[in-house]
Amino acid sequence: MYYEQTYKAREELLELLKGISEEQLHQKHENLWTVSQNVEHLYLIENKITNSLRKAIEVKHEVEEKDLNLAKILANRTYKVVAPEDITPSEHHYTKAELINLLEQSRSNLNTFIQEVNDEILHKYGFNHRWIGDLSAQQWVQLIGFHERRHIDQINQTLSNTVQ
């Protein structure tokens with residue numbers, strides 16, 4: 001299934017969070033986000049994408065689905081991307097339980113969306129990604145997982161650089 005890797009990435013993220021202390025959630029390393037900020041960002045972007053997909057389908061915004069290697073595009077961390085303001089995390093010190101709850105909320109929103117639409121709609125409608133171009137709803141759902149893996153790598157980098 002096209003979204004299987006998106007769910008596997010979330011399982012990997014939740015497993016990683018299990019082994020992180022409350023203190024480690026907020027440790028800062030140079031110009032990297034904290035673990036908490038990475039997780040908040042993932043929550044914000046998953047909700048934004050899901051809600052934007054609902055709107056794209058509602059207004060019937062058709063896109064031409066291109067053959068893209070989203071895994072490769074998103075895995076390249078040499079290209080630093082600055083998050084738009086609406087998906088930039090705050091300085092709030094969330095607890096691990098609060099972060100897991102946020103992830104559950106955004107995933108529930110995504111699951112509901114996936115159940116509401118059929119495959120034809122997932123391939124027909126979508127919207128523009130600011131540096132990749134038009135993506136179908138199906139590609140956006142895949143992108144969520146690849147993006148999450150990118151941030152799992154960033155979390156691991158933060159943790160390896162802040163361990164005392």
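**Helix packing around α1**

The crossing of α1 and α6 is left-handed, meaning that the near helix is turned anticlockwise from the far one by less than a right angle. This is a predicted model: local features need pLDDT of at least 70, side-chain atom pairs count only at pLDDT 80 or more, and totals for chains, interfaces and linings use all residues. Residues are numbered from 1 along each chain as its sequence is written, and side-chain values use heavy atoms, with hydrogens and water left out.

Stay with that pair. Helix α1 covers residues 4–18 and helix α6 covers residues 137–162. Helices here are DSSP runs, H or I, of at least four residues; strands are E runs of at least two. The two axes come within 8 Å and cross at roughly 25 degrees. Axes are lines fitted to C-alpha atoms over the stretch in contact, with angles from 0 to 180 degrees between N-to-C directions. So α1 and α6 are roughly parallel, the word for angles under 35 degrees.

Who touches whom? On α1, the contact residues include Leu 13 and Leu 16. On α6, they include Ile 152, Ile 155 and Leu 159. Contact means heavy atoms within 4.5 Å. The contact divides into 9 nonpolar, 5 polar and 5 charged residues. Nonpolar is Ala, Val, Leu, Ile, Met, Phe, Trp, Tyr, Cys and Pro; charged is Asp, Glu, Lys and Arg; the others, Gly among them, are polar.

Next, α4, residues 96–116. Its axis and that of α1 come within 11 Å and cross at roughly 170 degrees. That makes the pair roughly antiparallel, a label for angles over 145 degrees. Among the α1 residues here are Tyr 7, Leu 14 and Leu 17. Among those of α4 are Ile 100, Leu 103 and Leu 110. By class, this contact has 8 nonpolar, 3 polar and 4 charged residues.

Now two single residues. Is Gln 138 buried or exposed? Gln 138 sits in helix α6 and is buried, at 9% relative accessible area. Buried means under 20%, exposed over 50%, with a 1.4 Å probe and protein chains only. The C-alpha atoms of Gln 138 and Gly 126 are 8.2 Å apart, 12 residues along the chain.

Lys 60 lies in the loop between α2 and α3. Its relative accessibility is 56%, so Lys 60 counts as exposed. Phi of Lys 60 is near 55 degrees, a positive value. Most residues other than glycine have a negative phi.

Last, the record. UniProt, in an unreviewed entry, places a "DinB-like" domain at residues 5–155. Such annotations may be inferred rather than shown by experiment. That span is 60% helix and 5% strand.

Note on methods: Parallel < 35°, antiparallel > 145°, perpendicular 65-115°, else oblique.
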